[in-house]
Amino acid sequence: MKRIAIIPGDGIGLEVTREVVELLGQLSAEGLPLAWKIFGYSADSYLREGRALPEGGMEELARFDAIFLGALGDPRVPDMAHGREIILGARRSLDLYVNLRPVQLLHDRLTPLKSRRCEDVDFTIVRENTEGAYVGAGGRFREGTLDEVAVQEALATRRGVERVLRYAFRLAGASGEKLVMADKHNALEFVGGLWYRTFRELEGEYPQVEARHLFVDALCHDLVRDPSRFGVIVTSNLFGDLISDLGAALAGGLGLAPSANLNPETKRGLFEPVHGSAQDIAGKGIANPMAAFLSAGMMLEFLGFGEAGRRLRAAVTTCLEEGSVTPDLGGSSTTAEVGRVIRNAVALGAAVVEER
Ligand code: GGG
C-alpha cells in the first residue's frame, strides 16, 4: 500500500485537488493499492492557529510515501509565511533538492509560437530546489523610510550544485536528451562561477551526454526562438522558477504545468501544479485541473504505478483533443466537468489495457 499525504491548501488548490482525490478513489476502486490522508494546512488554519504546521507536522508528512500539494497563497497572509513554511520547509527539511518541471505541449493549438507543433516543445527543467536566492538569507534596515536598505543573498554550495548537476546529467543520459546548464556567471561571478566550474568538471564524467552552457538570458531568447533544440535544462532555484513560467507559456499556460520535488536518494517526493492559488478565480469553479492531474501522474509513476501515470497523461491529452477545457484555454467547461472527462478517459484507458 502506498500512502499519500494531501494538502489542498488555498484558493484553487482546494478545487483542483478535489478532482485529483476523486481520481485516486477511482484508481483505488480499480485495485491500485493507494491510501491517502487530507491535511487542512492552509491560510485559514494558519490564521486560526497562529502556525502553519502543528508540532511534529513535517515529521508526520515525511512518513508518507508521497505528498500532493494543491496551492498555497492568500491575501490575508501577505508575506506568505504559511506557504513558505510548508512548501520551502518541506523542500528543505525533506531535502527535496530536485524540482522537476516537464514542459510538454500536448496539443498544437495551445502554443503561442507560430508554426510550432507538439514535437517542438518537449523538454524538462531541472531546478535546484534547496539553495540559491530562496534560502531566506538577508535582511532589511530602516524599514519604511526613504533610507530603507534590503539585502537578499543567494547561497550555493559545491555539494548542492554538484548533486543537482549529476541528477541532470543522469536524466539526460538515460533519456538520450541534450543537456543545457544555464547560469549568469558573467555578472553573478561567485554563485555563477561555482555552477560553471562544477559543470565543466563533471561533463567529462558523462561523455555520452551532449552538454553545453548558456547564459540564462540567452536561454530565454533561444527557448522562444526554437524550443525544439532543448531536452534537459538544469539551473539554479531562482532561474528555474522564472524559466519554468516561460516554459509553461510555451506549452499552453500554467494550467498545464506540473512539477515534482524529489530527493532521488531517499526516494521522497512532493508533487504540485506549478500554479499558485489564483485568488482571482478561486471559488468560481473554473480553475484548470490539468496541471494538478499531470502532477498526480508524475506522483503515480514515482510510486511505481507507471501504467496509471501514463494513462492519466493520455487522458489529459484526450480531454484537450475533445475540447473540454476551462476558460484559460479558451473553453467554457468547469473544473468539475474537466475532471469528469479526464477520469472517464482514465477508466477507458484501463479497459484498453485489460483487453490487451
Ligand atoms: N503549487 C505551487 C504553489 O502553491 N506555490 C506557491 C505560490 O506560488 N503561491 C502564490 C499564490 O498562490 O498566489
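1. M80 counts as partly exposed, at 28% relative accessibility; here buried means under 20% relative accessible area, exposed over 50%, and partly exposed in between, with a 1.4 Å probe and protein chains only. M80 is found in the loop between strand 3 and helix 4 (81–93). Its phi is near 55°, a positive value in a residue other than glycine. Helices (H or I, at least four residues) and strands (E, at least two) are DSSP runs, numbered from the N terminus.

2. This is a predicted model, in which local features need pLDDT of at least 70 and side-chain atom pairs count only at pLDDT 80 or more, while totals for chains, interfaces and linings use all residues. Residues are numbered from 1 along each chain as its sequence is written, and side-chain values use heavy atoms, with hydrogens and water left out.

3. D95 also has a phi near 55°, again positive in a residue other than glycine. D95 sits in the loop between helix 4 and strand 4 and is partly exposed, with a relative accessible area of 28%. As background, most residues other than glycine have a negative phi.

4. The sheet is open and has 10 strands in the order 2-1-3-12-11-4-5-10-8-9, with mixed pairing; two strands pair if DSSP finds at least two bridges between them. Strand 2 (34–38) and strand 9 (211–215) are the edges, and each has a single partner strand, so one side of each is left without a neighbour in the sheet. On average, neighbouring strands are turned by 25° against each other, direction ignored. Axes are lines fitted to C-alpha atoms, for helices over the stretch in contact, and angles run from 0 to 180 degrees between N-to-C directions.

5. Strand 1 (residues 2–9) pairs in the parallel sense with strand 3 (residues 66–71) over five bridges. Five bridges also join strand 1 to strand 2, and these two run parallel. I4 has A66 as its bridge partner in strand 3 and stands opposite W36 in strand 2. Six of the eight residues of strand 1 are buried.

6. Helix 9 (residues 290–302) packs on the sheet, touching strands 1, 2 and 3, strand 4 (98–104), strand 11 (258–263) and strand 12 (268–273). The direction of helix 9 makes about 165° with that of strand 12. F293 lies in helix 9 and is buried, at 0% relative accessibility. Not counting residues up to four places away in sequence, F293 touches E19, V20, L23, L312, V316, G339, I342 and R343, contact meaning heavy atoms within 4.5 Å.

7. H275 lies in the loop between strand 12 and helix 9 and counts as buried, at 10% relative accessibility. Leaving aside neighbours within four places in sequence, H275 is in contact with I12, V16, G70, A71, L254, N288 and A291.

8. G306, in helix 10 (residues 306–322), counts as buried at 18% relative accessibility. Leaving aside neighbours within four places in sequence, G306 is in contact with L300 and E301. G306 and D280 are 26 residues apart in sequence and 35 Å apart in space, C-alpha to C-alpha.

9. V151 belongs to strand 7 (residues 149–155) and is partly exposed, with a relative accessible area of 43%.
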